[in-house]
Amino acid sequence: MASRGALTDAAGSGQKRHVVCRLEDIPPGAVRGYRTGNRRIAVARLDDGSFRVVADTCPHQAARLSLGSIERMWVSDAPGTLRQSETRNVLLCPWHGFEFDLETGGDPCVPGRPDLRLKTYRVEVVDGEVAVYL
Amino acid sequence: MTEILRGERDGRRQEGKASKASVVDVDIHEMLTSVRDLAPYLDEPWRSRVDVNDGYKGPPGNPYSFPQPTGVAIQDAVTDDGSPAGSKLELVQEQVLDRYGIENAILISLFHPTDNQIQPEFATALASAYNDWVLENWLERDERLRSSITVAAQEPRDAAREIDRVGSDPRFVQVILPAVAHHVFGRPFYWPIFEAAQRNDLVVAFHQSGGTRTAVGLPPYYIEWHTAISQAWQSQLISLIAGGVFDEFEELKVAMIESSWTWVPHLMWRFDYNYRSLRREVPWVKRLPSEYIRERVRFSTQPMEYPEDPGDLYRMFEMIGSDEFLMFATDYPHWDFDSPEQALPHTFPRALKEKILSSNARNFYGF
């Protein structure tokens with residue numbers, strides 16, 4: 001959906017502030033897509049209630065990442081054991097399941113590949129509104 | 001120009017045809033004349049199982065009849081007394097080691113008690129006897145030779161004890177496992193073998209055996225089986241990575257012998273691509289599969305594939321992204337033997353040929 005926020009200059013950054021939704025529009029554990037101008041962003045709300053924002057286009061085959069899902073990343077301490085990370089959250093592409101770290105935008109499988117990294121955006125919640133700096 | 005060939009035997013330097021390059025051969029097959037050769041190296045009750053006329057004949061072999069004139073062997077390796085090609089050290093010396101000035105060669109046993117699958121204590125005893133037989137009849141008789149430790153992998157803890165028993169001898173440079181189709185060795189059940197190999201600073205190598213099958217088992221003709229069997233090595237390699245063997249044993253090195261190698265780019269690309277989608281299933285695999293392969297796995301040249309344009313072969317090599325992954329092998333005495341003077345096409349740069357013929361193996365095995 002399109003962003004509904006007004007634009008505000010962010011101090012000294014050259015970025016503009018876009019209010020994209022209200023807090024209650026995205027429940028914890030969900031991700032939604034928004035369009036601001038000609039940019040598409042995926043706004044993810046982690047299970048702790050905080051937000052992360054990344055580009056909404058998968059660098060692989062241009063799928064809409066906001067149609068995918070988020071989760072605490074599956075990790076392992078030894079072969080044959082699985083647990084979910086306490087700190088890392090990933091966005092899964094709805095098509096091929098490629099993972100993207102919601103802190104860095106990088107694919108944890110190929111962290112050294114900048115061409116496979118999503119752009120990340122600063123996000124804040126003020127007075128119940130979710131604002132993204134683009 | 002005639003020069004002194006590298007290598008000494010019995011205190012005499014071997015003179016002959018000029019040696020153009022230093023050569024290490026990572027695949028020569030030493031053969032028993034019969035399993036009764038092992039009798040002196042077995043204790044009872046196992047000795048009697050082999051040392052009788054109608055006793056045990058050995059692990060199951062390749063089930064195909066060979067269509068070549070002299071069976072599985074090249075014709076000039078056939079012995080005059082009916083014993084198997086590869087069973088006489090003198091002939092191996094004459095036809096391979098001396099002829100090509102091979103500095104070191106690794107013996108790859110085709111005697112795989114792992115293929116027995118049954119009578120595990122007997123299989124373990126056979127493996128131990130075979131290692132003692134190799135030591136006395138091959139390694140003690142030619143200092144150019146190195147060898148592989150034979151094990152009965154169906155009893156991994158006993159296999160590990162055998163690795164510990166002989167693994168301190170620097171002439172044993174690796175543990176040999178058959179590229180079987182009925183199990184994958186990446187399962188934790190087999191980890192005592194990898195743990196012991198790492199503990200003794202030994203490579204773990206895979207080679208075909210009587211238990212090697214294609215993805216569809218045993219197709220009607222030998223040519224079908226021989227064309228398709230690299231699938232067995234592929235499955236074992238995939239298993240080692242997906243099972244976390246390289247993560248669990250961080251110093252472990254693996255050699256794929258006689259698997260061919262031009263399939264490696266395909267496997268790396270497909271495995272890496274799948275890893276990005278399916279990592280969640282095996283999160284203990286910490287890196288891209290291709291990274292383990294480039295850093296920890298080596299392949300033998302033989303059997304080489306020969307595309308119509310030899311430049312294609314070099315391009316395949318370049319696609320793998322490492323000039324260290326390939327090691328020369330003759331596969332003597334078998335019908336698909338490769339000569340060190342002819343195996344690598346002219347499209348391979350000279351310095352690269354030197355690495356493939358010698359230093360890649362030396363660096364990998366550390367001799």
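This is a predicted model: local features need pLDDT of at least 70, side-chain atom pairs count only at pLDDT 80 or more; totals for chains, interfaces and linings use all residues.
## An all-strand chain: briefing

Residues are numbered from 1 along each chain as its sequence is written, while chains are lettered from A and ligands numbered from 1 in the order in which they are written.

**Overall shape**

- Taken along the principal axes, the box filled by the C-alpha atoms of chain A is roughly 50 × 30 × 30 Å.

**Packing and contacts**

- Of the 134 residues in chain A, 31% are buried, meaning that 20 or more other C-beta atoms, placed from the backbone, lie within 10 Å of the residue's own.
- Take the contacts in chain A between residues at least 6 apart in sequence: 42% of them join residues at least 24 apart. A contact needs C-beta atoms, placed from the backbone, within 7 Å of each other.

- Three strands of chain A form an open sheet in the order 6-7-8, with antiparallel pairing; two strands pair if DSSP finds at least two bridges between them.
- Its edge strands are strand 6 (69–75) and strand 8 (99–101) of chain A, each pairing on one side only.
- From one strand to the next, the twist averages 55 degrees, with axes as lines fitted to C-alpha atoms and angles running from 0 to 180 degrees between N-to-C directions.
- Strand 6 of chain A runs antiparallel to strand 7 (residues 83–92) of chain A, and six bridges join them. Here Ser69(A) stands opposite Leu92(A) in strand 7.

**Strands 5, 9 and 10**

- Strand 5 (residues 51–55) of chain A pairs with strand 9 (residues 120–126) of chain A in the antiparallel sense over two bridges. Val54(A) stands opposite Thr120(A) in strand 9.
- Strand 9 of chain A also pairs with strand 10 (residues 129–133) of chain A, in the antiparallel sense over five bridges. Val126(A) stands opposite Glu129(A) in strand 10.
- The hairpin of strands 9 and 10 of chain A has two residues between the strands, and Asp127(A) takes a positive phi near 50 degrees there.

Key: A residue is buried if 20 or more other C-beta atoms lie within 10 Å of its own, exposed if 12 or fewer, and partly exposed in between; C-beta atoms are placed from the backbone. Two residues are in contact if their C-beta atoms, placed from the backbone, lie within 7 Å. Helices (H or I, at least four residues) and strands (E, at least two) are DSSP runs, numbered from the N terminus.
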